[in-house]
Amino acid sequence: MNRKILIVDDEEALVDILVEIFARAGWESTGASDGKKALVLIDSFKPNVVISDINMPNLDGLAMLETIQKKCLDTPVILLSGHRDTEKMKRAWAASVFDYIDKPFNEEALLQLANNAFEYGEEYVRSARKRYLRIKRAA
């Protein structure tokens with residue numbers, strides 16, 4: 001199976017760098033500058049993994065993650081942030097984020113995280129969604 005990754009960040013230079021890093025690692029990779037553009041690309045590009053910044057204009061990474069979850073897509077999402085925000089992290093975990101990594105990040109660690117998301121992400125997202133729905137029904 002071909003590994004496909006979508007990089008989403010409003011810092012276009014970072015998107016270009018990450019697209020290149022993942023391409024060199026054997027991934028088919030593309031980028032978007034905000035969550036709205038990413039949602040369109042998800043439908044056409046069909047990535048196995050999405051890496052997204054949280055804070056972006058138009059549609060931020062958290063709202064994009066929640067939209068992916070509402071669409072019942074099993075695509076694992078890794079969120080990046082330069083500013084740790086506890087409330088946003090709680091919302092991200094509730095929306096079945098695969099993982100959350102701070103900027104600046106280690107290139108090798110990010111590649112390993114993406115590989116883990118490729119291997120285990122869809123199963124994790126399905127399981128997390130079931131847990132979330134059980135908790136929501138019980139509340």
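Two strands count as paired if DSSP finds at least two bridges between them. In this predicted model, strand S1 and strand S3 (residues 49-53) are paired in the parallel sense, with four bridges. Within that pairing, Ile5 stands opposite Val49 of S3.

S1 also has strand S2 (residues 28-32) as a partner: the two run parallel and are joined by five bridges. Here the bridge partner of Ile5 is Ser29 in S2. Together with helix H1, S1 and S2 form a β-α-β unit, which is right-handed.

The side chains of S1 can be followed next. In a regular strand, side chains alternate between the two faces of the sheet. From S1, Lys4, Leu6 and Val8 point one way, while Ile5 and Ile7 point the other way. Residues on both sides are buried, and S1 as a whole is mostly covered, with five of its five residues buried.

Past the end of S1 comes Asp9, in the loop between S1 (4-8) and helix H1 (12-24). Is Asp9 buried or exposed? Asp9 counts as buried because its relative accessibility is 1%, and the cut-off for buried is under 20%. Beyond its neighbours within four places in sequence, Asp9 is in contact with several residues, including Leu14, Val15, Ala32, Ser33, Asp53 and Met56. Lys103 is another of these contacts, and the side chains of Asp9 and Lys103 are joined by a polar contact of 2.9 Å. Asp34 lies 25 residues from Asp9 in sequence, with a C-alpha to C-alpha distance of 6.1 Å.

Notes
Residues are numbered from 1 along each chain as its sequence is written. This is a predicted model: local features need pLDDT of at least 70, side-chain atom pairs count only at pLDDT 80 or more; totals for chains, interfaces and linings use all residues. Side-chain values use heavy atoms; hydrogens and water are left out. Buried means under 20% relative accessible area, exposed over 50%, partly exposed in between (1.4 Å probe, protein chains only). Contact means heavy atoms within 4.5 Å. A polar contact is a pair of N or O atoms within 3.5 Å; within protein, one must be able to donate a hydrogen and the other to accept it, and residues adjacent in sequence count only if both atoms are side-chain atoms. A crossover is right-handed if, with the strands pointing away from the viewer, the path from the first strand over the helix to the second runs clockwise.
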